[in-house]
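I opened this notebook to record what I looked up in one structure.

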Amino acid sequence: MRHLHLLLLAITLLVAPVIARAQMTLLMAEEEGCMWCERWDSEISQIYPKTPEGKVAPLRRIDIHRSTPDDIVLEKPLFYTPTFVLLEDGQEIGRIEGYPGEDFFWGLLGVLLRDGGVTIETSG
(Lines give C-alpha, C1' and ligand atoms only; values in the text may rest on other atoms or scores of the structure.)
Protein backbone atom coordinates (compact mmCIF):
# COMPACT_ATOMS: atom_id res chain seq x y z
CA MET A 1 0.00 0.00 0.00
CA ARG A 2 2.87 2.37 0.80
CA HIS A 3 4.29 1.79 -2.69
CA LEU A 4 0.96 2.69 -4.24
CA HIS A 5 0.87 5.98 -2.33
CA LEU A 6 4.42 6.80 -3.42
CA LEU A 7 3.56 5.96 -7.02
CA LEU A 8 0.48 8.20 -6.93
CA LEU A 9 2.52 11.01 -5.40
CA ALA A 10 5.19 10.66 -8.10
CA ILE A 11 2.58 10.72 -10.87
CA THR A 12 0.94 13.79 -9.34
CA LEU A 13 4.25 15.64 -9.16
CA LEU A 14 5.02 14.81 -12.80
CA VAL A 15 1.59 15.68 -14.17
CA ALA A 16 0.79 18.78 -12.06
CA PRO A 17 3.08 21.19 -13.98
CA VAL A 18 1.46 20.12 -17.27
CA ILE A 19 -2.05 20.60 -15.90
CA ALA A 20 -1.21 23.99 -14.37
CA ARG A 21 0.39 25.40 -17.53
CA ALA A 22 -1.69 28.12 -19.15
CA GLN A 23 -2.74 27.68 -22.75
CA MET A 24 -1.52 30.49 -24.97
CA THR A 25 -2.95 31.30 -28.38
CA LEU A 26 -2.19 33.99 -30.93
CA LEU A 27 -5.49 35.21 -32.29
CA MET A 28 -5.42 36.81 -35.74
CA ALA A 29 -8.41 39.00 -36.60
CA GLU A 30 -8.60 39.37 -40.36
CA GLU A 31 -11.00 40.22 -43.17
CA GLU A 32 -11.32 39.39 -46.82
CA GLY A 33 -9.38 41.78 -49.04
CA CYS A 34 -7.01 42.96 -46.30
CA MET A 35 -3.69 43.55 -48.09
CA TRP A 36 -1.74 43.51 -44.80
CA CYS A 37 -3.32 40.17 -43.86
CA GLU A 38 -2.24 38.83 -47.26
CA ARG A 39 1.26 40.17 -46.73
CA TRP A 40 1.43 38.46 -43.31
CA ASP A 41 0.22 35.26 -44.96
CA SER A 42 2.93 35.44 -47.62
CA GLU A 43 5.75 36.33 -45.20
CA ILE A 44 4.88 34.55 -41.96
CA SER A 45 1.98 32.08 -42.04
CA GLN A 46 3.89 29.13 -43.50
CA ILE A 47 6.76 29.34 -41.02
CA TYR A 48 4.84 30.47 -37.92
CA PRO A 49 3.73 27.00 -36.72
CA LYS A 50 7.33 25.76 -37.00
CA THR A 51 8.81 28.53 -34.83
CA PRO A 52 9.20 28.51 -31.04
CA GLU A 53 6.61 31.30 -30.91
CA GLY A 54 4.16 29.23 -32.96
CA LYS A 55 4.64 26.22 -30.71
CA VAL A 56 4.05 28.29 -27.54
CA ALA A 57 1.10 30.26 -28.97
CA PRO A 58 -0.58 28.45 -31.88
CA LEU A 59 -2.42 30.66 -34.34
CA ARG A 60 -6.19 30.95 -34.34
CA ARG A 61 -7.88 33.03 -37.04
CA ILE A 62 -11.20 34.85 -36.82
CA ASP A 63 -13.10 37.14 -39.17
CA ILE A 64 -13.22 40.61 -37.64
CA HIS A 65 -16.81 41.08 -38.86
CA ARG A 66 -18.16 38.07 -36.97
CA SER A 67 -18.94 37.86 -33.27
CA THR A 68 -16.00 37.16 -31.02
CA PRO A 69 -16.14 33.50 -29.97
CA ASP A 70 -17.51 32.90 -26.47
CA ASP A 71 -14.22 31.40 -25.23
CA ILE A 72 -12.32 34.66 -25.88
CA VAL A 73 -12.28 37.70 -23.57
CA LEU A 74 -10.84 40.86 -25.14
CA GLU A 75 -9.86 44.05 -23.30
CA LYS A 76 -11.31 46.17 -26.11
CA PRO A 77 -13.06 45.57 -29.43
CA LEU A 78 -11.21 44.65 -32.61
CA PHE A 79 -11.11 47.50 -35.13
CA TYR A 80 -8.14 46.91 -37.47
CA THR A 81 -6.94 44.06 -39.63
CA PRO A 82 -4.84 42.32 -39.01
CA THR A 83 -4.88 42.48 -35.25
CA PHE A 84 -2.89 39.87 -33.37
CA VAL A 85 -4.05 39.22 -29.81
CA LEU A 86 -2.02 37.07 -27.44
CA LEU A 87 -4.43 35.07 -25.31
CA GLU A 88 -3.74 33.13 -22.13
CA ASP A 89 -6.53 30.69 -21.39
CA GLY A 90 -8.75 32.78 -23.70
CA GLN A 91 -8.01 36.08 -21.91
CA GLU A 92 -6.23 38.91 -23.75
CA ILE A 93 -2.79 39.71 -22.40
CA GLY A 94 -1.57 41.91 -25.24
CA ARG A 95 -2.05 42.82 -28.88
CA ILE A 96 -0.38 44.04 -32.05
CA GLU A 97 -2.65 46.18 -34.20
CA GLY A 98 -1.67 46.03 -37.85
CA TYR A 99 1.21 44.22 -39.50
CA PRO A 100 4.44 46.21 -39.25
CA GLY A 101 6.48 43.89 -41.48
CA GLU A 102 8.31 40.66 -40.72
CA ASP A 103 11.20 42.06 -38.67
CA PHE A 104 9.05 44.22 -36.41
CA PHE A 105 6.37 41.53 -36.07
CA TRP A 106 8.76 39.03 -34.48
CA GLY A 107 10.15 41.66 -32.10
CA LEU A 108 6.71 42.84 -31.01
CA LEU A 109 5.48 39.27 -30.58
CA GLY A 110 8.58 38.52 -28.50
CA VAL A 111 7.72 41.42 -26.18
CA LEU A 112 4.13 40.18 -25.80
CA LEU A 113 5.33 36.68 -24.98
CA ARG A 114 7.94 37.95 -22.54
CA ASP A 115 5.31 40.11 -20.82
CA GLY A 116 3.15 36.98 -20.65
CA GLY A 117 5.94 35.12 -18.83
CA VAL A 118 7.32 33.17 -21.80
CA THR A 119 10.98 33.30 -22.76
CA ILE A 120 11.84 32.34 -26.33
CA GLU A 121 15.39 31.18 -26.90
CA THR A 122 17.07 32.98 -29.79
CA SER A 123 20.25 32.02 -31.59
CA GLY A 124 23.24 34.31 -31.85
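The entries below go from the whole chain to single elements and one residue.

**Entry 1: basis.** I am working with a predicted model, in which local features need pLDDT of at least 70, side-chain atom pairs count only at pLDDT 80 or more, and totals for chains, interfaces and linings use all residues. Residues are numbered from 1 along each chain as its sequence is written, and side-chain values use heavy atoms, with hydrogens and water left out.

**Entry 2: whole chain.** I took helices (H or I, at least four residues) and strands (E, at least two) as DSSP runs, numbered from the N terminus. The chain holds four helices and four strands, in the sequence pattern α-β-α-α-β-β-β-α. I looked up burial next, where buried means under 20% relative accessible area, exposed over 50%, and partly exposed in between (1.4 Å probe, protein chains only). Of the 124 residues, 35% are buried. The accessible surface is about 8,300 Å², and carbon and sulfur atoms own 57% of it; I note that the areas come from the Shrake-Rupley method with a 1.4 Å probe, and that for residues only the protein chains shown count as cover.

**Entry 3: strand S3.** I then examined strand S3 (residues 83–88), of which five of the six residues are buried, so the strand is largely enclosed by the rest of the structure. Two strands pair if DSSP finds at least two bridges between them. Strand S1 (residues 24–30) runs antiparallel to S3, with six bridges, and leucine 27 has valine 85 as its bridge partner. S3 is also joined by six bridges to strand S4 (residues 91–97), again antiparallel. There, glutamate 88 stands opposite glutamine 91. Two residues lie between the strands in the hairpin of S3 and S4, and aspartate 89 has a positive phi near 50 degrees.

**Entry 4: helices H2 and H4.** How do H2 and H4 pack, and at what angle? Helix H2 (residues 35–45) and helix H4 (residues 102–115) pack at about 75 degrees, with axes 11 Å apart. The axes are lines fitted to C-alpha atoms over the stretch in contact, and angles run from 0 to 180 degrees between N-to-C directions. With 65 to 115 degrees counting as roughly perpendicular, H2 and H4 are therefore roughly perpendicular to each other. Trp40, Glu43 and Ile44 of H2 meet Glu102, Phe105 and Trp106 of H4, contact meaning heavy atoms within 4.5 Å.

**Entry 5: lysine 55.** Lysine 55 sits in helix H3 (residues 52–56) and is exposed, at a relative accessible area of 58%. Beyond its neighbours within four places in sequence, lysine 55 contacts Pro49 and Lys50.

Terms used
Angles under 35 degrees count as roughly parallel, over 145 as roughly antiparallel, 65 to 115 as roughly perpendicular and the rest as oblique.
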